[in-house]
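Visitor: I'd like a close look at one part of this model, the place where the two chains meet. Could you take me there by way of each chain's own layout?

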Amino acid sequence: MGFGTCLRKLAKSISSQNTFIAAKEINGIKIFENSIDFSKIQSEYLSYLYFYKSLYEDIYSKKVSDKVLTLEIYEDAYSYYRNKHDDSKKDKKSEGKQRKIQATFAKDNSKIKFPDTNKEVK
Amino acid sequence: MDNVREEIRQEEIKKISTQINDEYNIDKIRELIRSNKKEFIHNDKTYRVRLLNDNEKDELNILTKKRLNSMIQEKDEKGNYVWLHIAELIKIYKERGTVDIEKIDSGINKATKKFQSANFELGEALANKAGENFLKSYKEELEQSKSELESLIIEKGHYLESSVEQQIQNYNAKCISYLCLDVKEENSWIRAFKSIDDFIKADDKLVNLASLYAMALHFGV
């Protein structure tokens with residue numbers, strides 16, 4: 001087992017996840033000896049702690065089954081899909097905001113015309 | 001019957017030994033993550049790999065620049081430069097018609113898109129709780145696109161390995177390992193080797209082990 005897989009297994013373990021949550025909530029509990037100037041491996045470990053925390057939350061809220069945890073390739077693919085999915089949701093939201101802003105300037109004499117929200121803003 | 005029992009026993013031994021090995025590797029990495037240091041014993045001596053401090057980073061910079069300056073001026077007996085930059089190598093390959101790096105790059109772009117799309121499809125299938133057969137087929141597709149992408153990246157790396165840029169990167173990695181490796185002598189830590197040349201000539205096992213930890217610390221896993 002390479003270092004990469006070891007790092008993931010460590011971040012995925014329940015004890016590491018518990019320490020991670022406790023460190024965020026209780027002052028004095030530390031994940032690393034240093035609290036600044038993280039090394040590259042520490043930054044990667046933190047990323048994996050967040051990565052697995054999100055996966056466990058999605059499993060808990062039944063967004064995905066715990067089958068996702070059986071293979072690294074599943075974990076990566078699901079996270080990639082979820083991030084892309086979230087990004088497209090955000091894009092749609094910001095598009096909606098753009099339309100609303102344009103509506104405030106679309107004055108026709110005294111009345112305000114709101115654009116059709118199903119049409120693209122030109 | 002005895003043969004079957006023996007096979008099962010061997011399988012169990014293999015399983016347990018893999019578990020122990022995994023736990024051993026996880027313990028090694030746990031120490032490295034927690035303290036940014038890793039101690040190990042080699043030939044009855046205790047060594048330590050740690051993060052570089054600011055002075056050592058300056059030292060690293062000087063070592064690398066010196067090596068770069070000497071490489072870009074080095075000529076062979078015919079007066080030709082020994083080391084070529086990536087752009088020069090690509091040009092030569094093209095002129096000789098042997099290797100087309102642009103074509104490999106375009107292959108990498110295509111394979112990356114294919115990999116991302118297969119990754120998304122497998123992720124979507126997992127989110128939609130697709131059946132085992134669907135997952136298996138998406139997984140195979142993803143593994144195939146990953147392997148295509150990896151082989152193209154390896155192929156490109158192989159053709160450009162002799163470039164100044166790649167050689168400097170390799171030298172930089174060796175210098176980091178040399179600078180961050182200490183040995184314990186009379187309860188105090190001192191640099192394990194007097195010069196980078198001594199480090200490079202040292203026992204392969206020690207160099208490889210030090211490099212493994214040093215790279216994980218400074219460049220990640």
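Guide: Reading chain A from the N terminus, you get α-α-α-α-β-β. That's four helices and two strands, and keep in mind that this is a predicted model. Of the 122 residues in chain A, 18% are buried. If you take the contacts in chain A between residues at least 6 apart in sequence, 34% of them join residues at least 24 apart.

Now to the part you asked about. The contact draws on 29 residues from chain A and 28 residues from chain B. On the chain A side, helix H1 (3-12), helix H3 (40-60) and helix H4 (72-105) each put in at least two residues. H4(A) gives the largest share of that side, with nine residues. Sorted by class, the side of chain A that touches chain B holds 16 nonpolar, eight charged and five polar residues.

Over to the partner. Chain B carries eight helices and four strands, and from the N terminus on they run α-β-β-α-α-α-α-α-β-β-α-α. The radius of gyration of chain B comes out at 24 Å, whereas the globule rule gives 17 Å for 221 residues, so chain B is more spread out than a compact globule. Along its principal axes, the C-alpha trace of chain B spans about 65 × 60 × 40 Å. Buried residues account for 17% of the 221 residues in chain B. For contacts in chain B between residues at least 6 apart in sequence, 65% join residues at least 24 apart.

The strands of chain B deserve a stop too. Four of them form an open sheet, ordered S1-S2-S3-S4, with antiparallel pairing. Strand S1 (37-42) and strand S4 (188-191) of chain B sit at the edges with a single partner strand each, so one side of each has no neighbour in the sheet. On average, neighbouring strands of this sheet are turned by 35° against each other, direction ignored. Zooming in on one pair, S1(B) and strand S2 (residues 45-50) of chain B run antiparallel and are joined by six bridges. Within that pairing, His42(B) stands opposite Lys45(B) in S2(B).

Technical notes:
Residues are numbered from 1 along each chain as its sequence is written. Chains are lettered from A and ligands numbered from 1 in the order in which they are written. This is a predicted model: local features need pLDDT of at least 70, side-chain atom pairs count only at pLDDT 80 or more; totals for chains, interfaces and linings use all residues. A residue is buried if 20 or more other C-beta atoms lie within 10 Å of its own, exposed if 12 or fewer, and partly exposed in between; C-beta atoms are placed from the backbone. Two residues are in contact if their C-beta atoms, placed from the backbone, lie within 7 Å. Two strands pair if DSSP finds at least two bridges between them. Axes are lines fitted to C-alpha atoms, for helices over the stretch in contact, and angles run from 0 to 180 degrees between N-to-C directions. Ala, Val, Leu, Ile, Met, Phe, Trp, Tyr, Cys and Pro count as nonpolar, Asp, Glu, Lys and Arg as charged, and the others, Gly among them, as polar. The radius of gyration is taken over C-alpha atoms; the globule rule is 2.2 Å times the number of residues to the power 0.38.
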